[in-house]
Amino acid sequence: MSAPQKKTIGRSLLVTSAAVLSSLALTAPVALAAPSPSPTGPSPSASPSVTPPAKMSTVGGARLGLAGTQVNLANGVPVLPKDITARSWIVTDAESGDVLAAHNAHWRLPPASTMKMLFADTVLPKFPKTEKHKVLPSDLAGIGAGSSMVGIKENETYTVHDLWLGVFLRSGNDAVHVLSAMNKGVAKTVAEMNEHAEELQALDTHVVSPDGYDAPGQVSSAYDLTLFARSGLQKKDFREYCSTVTAEFPGATTKNKKGKTVRNPFEIRNTNRLLSGDYDISQYQGIAGVKNGNTTNAGATFTGVAERNGRVLLVTVMNPSKEEHNEVYKETAKLFDWGFKAAGKVEPVGELVPPKGAAGSSAQPAASGQAGGAGDSGGSDGSGASAKPVTSAAAGGGSGGVWTALGITGGLLVLLAAGGFLVNRRWPLPDLVRRRSSRP
């Protein structure tokens with residue numbers, strides 16, 4: 001079936017009554033037992049070979065289990081950028097679930113802090129953002145040496161909102177451990193993450209540490225990380241946190257010169273450089289998250305979501321071999337650029353599958369590209385040349401380079417044929433993204 005035919009069928013499934021559909025659950029109940037590593041791939045390893053395995057998972061389509069680059073080049077389809085050095089990457093249409101191109105998509109590799117997307121998708125719904133928690137010394141036990149930290153202090157009180165800002169903006173392992181303690185411990189949280197990964201059909205993933213810190217046997221894949229992002233982006237709070245550039249975080253309690261007890265906040269800035277910019281890379285137009293990571297075993301990893309002219313793409317890049325500053329973001333930007341040019345022209349090589357609970361009665365993972373997938377949020381355009389980062393992101397506009405606001409069609413839902421997985425035709429990106437003023 002051609003791409004235009006698939007889109008026509010998808011549009012014919014528009015559902016006008018959101019009230020009827022809202023009762024459908026998108027998240028399966030969690031359990032306490034971690035699943036065994038998927039039988040479709042090799043045993044997990046903390047230090048993978050530089051060569052992809054001969055046999056990988058075929059979840060989402062047979063071609064996604066093949067080593068090397070998978071893309072259907074044809075007349076009118078732009079050529080992929082030649083200087084992509086990542087071990088694994090994937091470019092997908094976030095709404096339709098089409099995989100536009102991929103390279104070793106199911107290679108099981110250490111994920112670093114991109115694993116926090118699964119952590120957030122699993123734990124974020126459990127606690128209201130206004131809930132307060134006083135940090136105990138035991139909450140911060142077991143954090144790996146050299147971890148990224150937001151600066152949480154023992155015996156200080158933080159809101160859940162504070163803690164999630166620490167997770168998304170500073171990739172704070174301390175914030176992850178405090179939230180895990182609130183969730184009755186790291187072991188329980190890891191078990192729930194593994195169960196949720198299995199429900200999402202992310203069968204390349206095995207969680208050992210909730211923060212993504214290097215651990216023997218902890219692996220995921222570009223395909224699975226994209227599933228986590230797509231699922232997480234259905235949650236309003238997830239979207240807002242992952243698209244926030246700067247925020248104030250509570251400091252330690254002290255006394256001022258007058259002897260009054262005070263708690264001065266300090267600014268934290270998102271370490272996603274496509275969102276916040278850096279001296280050697282501009283903010284990517286239309287970027288709206290999602291999460292970055294970097295550890296010794298994983299190298300640099302990143303999943304990003306961006307929107308351009310109504311098209312929402314997800315790109316995941318794992319471990320570029322080129323050792324340049326911000327290389328993972330540079331390669332992601334190139335793949336975004338290609339994806340926006342190729343979308344609507346290139347025949348997909350696979351698809352993002354829906355959660356098992358949404359795929360019908362079969363518990364078997366979709367492996368042939370027949371099951372539909374979806375998500376419900378997101379947020380690009382080509383990277384600009386501005387050297388000065390800005391405080392929020394927006395979508396790229398027309399040919400004149402004018403920045404335009406994202407068109408949001410509230411309540412317009414599509415029920416995909418695979419059964420029960422809902423998406424918004426215009427992902428409801430946070431106001432932070434849509435309020436961006438125009439610029440040349």
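Hi everyone, let's start with the second largest pocket: 33 residues line it, and Gly293, Asn294, Thr295, Gly299 and Ala300 lie nearest its centre. A pocket here is an open set of points on a 1 Å grid over the protein atoms alone, where a 1.4 Å probe fits, with protein on both sides within 12 Å along at least five of seven lines; lining residues have an atom within 4 Å of a point.

Please keep in mind that this is a predicted model: local features need pLDDT of at least 70, side-chain atom pairs count only at pLDDT 80 or more, and totals for chains, interfaces and linings use all residues. Residues are numbered from 1 along each chain as its sequence is written, and side-chain values use heavy atoms, leaving out hydrogens and water.

Which element gives the largest share of that lining? Strand S11 does, with five residues; strands are DSSP E runs of at least two residues, and helices are H or I runs of at least four, numbered from the N terminus.

Now to the largest nonpolar core, which has 65 residues. Such a core is a set of buried Ala, Val, Leu, Ile, Met, Phe, Trp, Tyr and Cys residues joined through side-chain atoms within 4.5 Å, buried meaning under 20% relative accessible area with a 1.4 Å probe, protein chains only. Helix H4 (residues 160-170) supplies its largest share, seven residues. A second, separate core of 31 residues includes Val77 and Leu275.

Across in S10, Phe266 stands opposite Phe249.

Notes. Buried < 20%, exposed > 50% of the residue type's maximum accessible area, 1.4 Å probe, protein only. Pairing = 2+ DSSP bridges.
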